[in-house]
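Thanks for coming, everyone. Please take a look at the model before I start.

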Amino acid sequence: MTTSIDQLVENNRAYAEGHQARHLDVAPSRRLAIVTCMDSRLDVFAALGLANGEAHVLRNAGGVVTDDVIRSLAISQRKLHTREVMLIHHTDCGMQKLTDDGFRAELQTATGMAPAFAIESFIDADADVRQSILRVRRSDFILYRDVVRGFVYDVDTRRLREVTID
Ligand SMILES: [Zn+2]
């Protein structure tokens, strides 16, 4: 059986053959880190006009600012010279279709063990973007907190809408 991964490995052969070898700096040229959801409909590079080597892109379920995202942002800023943080949630997110208690119970029922991690589901994407901005702004591990901006991406229209605090 051919899996999706087999096909992607094949795609990569063509990709590598179609491009000249080149070396980009490990530090992103736009000095930018983006935190967003793992959603398959959000093509971060295409939607933002980003090119290779320009930004760090951190993704998880929901685009939630977890401890692990703070870890990555601390490394991004302190070791790889990024200065700006862009947070992107989106419409029709899978995290709006479950609840913390419900999913926790589901995992516990299925495995006999409740997870140690927070589920971090949300109902209101705007409110969760604000929460994410605050988590970044309040983390002393992150050096540069002047430019931390949040957005909601519409997966149908492909438009970004900024969410502000205050
Ligand atoms: Zn999502």
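I'll go through the metal site, then the cores, then a hairpin.

First, the ground rules. This is a predicted model, where local features need pLDDT of at least 70, side-chain atom pairs count only at pLDDT 80 or more, and totals for chains, interfaces and linings use all residues. Residues are numbered from 1 along each chain as its sequence is written, and side-chain values use heavy atoms, with hydrogens and water left out.

Now the metal. Which residues coordinate the zinc ion? They are C37 through SG, H90 through NE2 and C93 through SG, at 2.0 to 2.3 Å. A donor here is an N, O or S atom within 2.8 Å of the metal (3.2 Å for Na, K and Ca); water is not among the atoms, so sites may look incomplete. Along the sequence, the donor residues follow the spacing C-x52-H-x2-C. C37 lies in strand β1 (residues 32-37), and C93 sits in the loop between β3 (84-90) and α4 (100-111), so this pair ties together parts 56 residues apart in sequence. Helices (H or I, at least four residues) and strands (E, at least two) are DSSP runs, numbered from the N terminus.

Stay with C37. C37 and H90 are 53 residues apart in sequence, yet 7.6 Å apart in space, C-alpha to C-alpha. Is C37 buried or exposed? C37 is buried, at 4% relative accessibility. C93 is buried too, at 1%. Buried means under 20% relative accessible area, exposed over 50%, and partly exposed in between, with a 1.4 Å probe and protein chains only. Leaving aside neighbours within four places in sequence, C37 has contacts (heavy atoms within 4.5 Å) that include R59, G63 and I88.

Next, the cores. A nonpolar core is a set of buried Ala, Val, Leu, Ile, Met, Phe, Trp, Tyr and Cys residues joined through side-chain atoms within 4.5 Å. The largest one has 22 residues, and L73, L87 and V136 touch the most other members. β1, α3 (67-78), β3, α5 (125-137) and β4 (148-153) each supply at least two residues. α5 gives the most, with four. Apart from this core lies another, of 11 residues, among them V44, A55, I88 and V155.

Last, the hairpin. β4 and strand β5 (residues 160-163) pair in the antiparallel sense over four bridges. To pair, two strands need at least two bridges between them in DSSP. F151 stands opposite E162 in β5. Six residues lie between the strands, and in this hairpin R158 takes a positive phi near 70°.
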